[in-house]
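Here is a short briefing on one protein chain. Look at the sequence and the model first, then read the points below.

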Amino acid sequence: MKTSIAAVAAVLALALVFTGCATVQVGTTFNGQQITEGNATPVAHVNGKVWGIYLLNIPIISGDPETGAPAMFTDTVNVDTVAAMVTAKSKEMGGTKTTSLVSGRTSVWLAPFLIFFYESVEASGNATR
């Protein structure tokens with residue numbers, strides 16, 4: 001039993017090390033629909049997400065917002081980080097405004113290890129000119 005739990009923990013640890021913990025995705029197909037108010041020209045819909053694993057309140061691994069790679073012992077799972085990712089991508093794509101910026105947070109205890117939890121923050125907005 002101990003061997004199988006250790007093997008599962010090792011596989012999960014390896015998966016975390018080789019998986020990006022911060023992502024930005026872009027949608028540009030609007031099917032002729034206006035996604036903005038007024039005369040603004042839509043550029044893209046931008047969605048960003050950062051997640052991490054915590055030991056109680058201490059960050060163990062989380063996403064590096066600049067590279068998307070894992071960052072050890074750094075707390076990047078927050079609204080400020082994700083909003084900065086979304087607005088930076090909006091600006092990079094030629095947007096002069098990011099409208100309808102919304103965010104959400106998720107926390108889940110990882111069973112059977114009740115001292116570890118998964119936390120993520122996601123935000124999205126519309127890049128416009």
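## Briefing

Phe73 is found in the loop between β4 (70-72) and α2. Helices (H or I, at least four residues) and strands (E, at least two) are DSSP runs, numbered from the N terminus. This is a predicted model: local features need pLDDT of at least 70, side-chain atom pairs count only at pLDDT 80 or more, and totals for chains, interfaces and linings use all residues. Residues are numbered from 1 along each chain as its sequence is written, and side-chain values use heavy atoms, with hydrogens and water left out.

**Overall layout**

- The chain has two helices and six strands.
- Along the sequence, these elements run α-β-β-β-β-α-β-β.
- The chain holds 129 residues, and 29% of them are buried. Buried means under 20% relative accessible area, exposed means over 50%, and partly exposed lies in between (1.4 Å probe, protein chains only).
- Take the contacts between residues at least 6 apart in sequence: 62% of them join residues at least 24 apart. Contact means heavy atoms within 4.5 Å.

**Confidence**

- The average pLDDT of the chain is 86, and 87% of the residues score at least 70. pLDDT is the predictor's confidence in each residue, from 0 to 100.
- Confidence is lowest in helix α1 (residues 2-17), with a mean of 62. It is highest in α2, at 95.

**The largest nonpolar core**

- This core has 14 residues, and Val46, Val50, Val77 and Val82 touch the most other members.
- β2 (42-55), α2 (79-92) and β6 (116-128) each supply at least two of its residues.
- β2 gives the most, with five residues.
- A nonpolar core is a set of buried Ala, Val, Leu, Ile, Met, Phe, Trp, Tyr and Cys residues joined through side-chain atoms within 4.5 Å.
- Beyond its neighbours within four places in sequence, Val77 is in contact with several residues, including Val50, Trp51, Ser62 and Arg105.

**Ser62**

- Ser62 sits in strand β3 (residues 58-63).
- Ser62 counts as buried because its relative accessibility is 0%.
- A polar atom of the Ser62 side chain lies 2.3 Å from the backbone oxygen of Thr74.
- The side chains of Ser62 and Thr76 form a polar contact of 3.1 Å. A polar contact is a pair of N or O atoms within 3.5 Å; within protein, one must be able to donate a hydrogen and the other to accept it, and residues adjacent in sequence count only if both atoms are side-chain atoms.

**Ala44**

- Ala44 lies in strand β2.
- Its relative accessibility is 0%, so Ala44 counts as buried.
- Ala44 and Thr29 are 15 residues apart in sequence and 8.0 Å apart in space, C-alpha to C-alpha.
- Leaving out residues up to four places away in sequence, Ala44 touches Phe30, Ile35 and Met93, among others.

- Phe73 is not a glycine, yet it has a positive phi of about 55 degrees.
- Phe73 is exposed, with a relative accessible area of 58%.
- Ser100, in strand β5 (residues 97-109), also has a positive phi of about 55 degrees and is not a glycine.
- Ser100 is exposed because its relative accessible area is 52%.
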